[in-house]
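Have the structure open while you read.

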Amino acid sequence: MAFEDLLEDPVIQKYLHELVGPKGMPVAAAPPDGEVTDEELSEELDLELNDVRRALFILYENDLATYRRLRDEDSGWLTYLWTFEYDNIPENLEDEMYRLHEALEERREYERNHEFYLCEICSIRFEFGEAMDFGFECPECGSPLESMDNDRLVNAMDDRLDALEDELNLEA
């Protein structure tokens with residue numbers, strides 16, 4: 001998939017935005033052809049150099065950018081030449097989906113294996129042991145803690161896990 005096609009996909013736009021944030025999004029959304037320095041990007045995009053560098057290093061940490069260093073013979077200064085590697089985005093998104101699937105499975109098991117109590121005034125949720133330690137009274141306001149049915153939450157997690165498993169072609 002070409003840069004332009006990738007960057008038009010709203011899922012990929014959101015992924016990049018989540019990685020680099022609003023200040024780094026102009027860097028992520030405007031990958032140049034070939035190598036570029038952080039100073040050139042800063043000037044071209046009219047952004048603070050630190051914001052550009054932060055975005056570049058985040059992209060680097062996520063295998064979406066690479067760099068090579070050149071040392072100026074006279075001054076000894078290092079110049080970093082950056083190249084964007086957006087071919088890795090689909091694989092990164094798939095890895096994220098696997099991590100989400102694993103985290104949801106763990107959370108679903110936690111929800112299934114624990115009994116919860118809720119303070120309806122403060123909207124604070126307690127596990128059974130905590131509720132018992134507090135005498136089934138909210139430590140914040142003193143109102144009684146009510147047994148909480150979390151079946152809707154577990155069912156929503158089941159639905160999301162089913163959708164992820166379909167998307168990832170996983171056997172349940």
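UniProt, in an unreviewed entry, puts a "coiled-coil region" at residues 93–120; positions follow the numbering used here, feature names are shortened, and annotations may be inferred rather than shown by experiment. In the model, that span is 71% helix and 14% strand, with its end C-alpha atoms 38 Å apart. Helices (H or I, at least four residues) and strands (E, at least two) are DSSP runs numbered from the N terminus.

A word on ground rules: this is a predicted model, where local features need pLDDT of at least 70 and side-chain atom pairs count only at pLDDT 80 or more, while totals for chains, interfaces and linings use all residues. Residues are numbered from 1 along each chain as its sequence is written, and side-chain values use heavy atoms, leaving out hydrogens and water.

| Pair | Axes come within | Crossing angle, roughly |
|---|---|---|
| helix 2 (residues 10–29) and helix 5 (residues 89–112) | 11 Å | 75 degrees |
| helix 3 (residues 38–45) and helix 4 (residues 49–61) | 9 Å | 120 degrees |

Axes are lines fitted to C-alpha atoms, for helices over the stretch in contact, and angles run from 0 to 180 degrees between N-to-C directions.

Helix 2 is therefore roughly perpendicular to helix 5 (65 to 115 degrees; under 35 is roughly parallel, over 145 roughly antiparallel, the rest oblique). Val11, Ile12, Tyr15 and Leu16 of helix 2 meet Ile89, Asn92, Leu93 and Glu96 of helix 5, contact meaning heavy atoms within 4.5 Å.

Helix 3, by its angle, is oblique to helix 4. Here Asp38, Glu39, Leu41 and Ser42 of helix 3 touch Leu49, Val52, Arg53 and Leu56 of helix 4.
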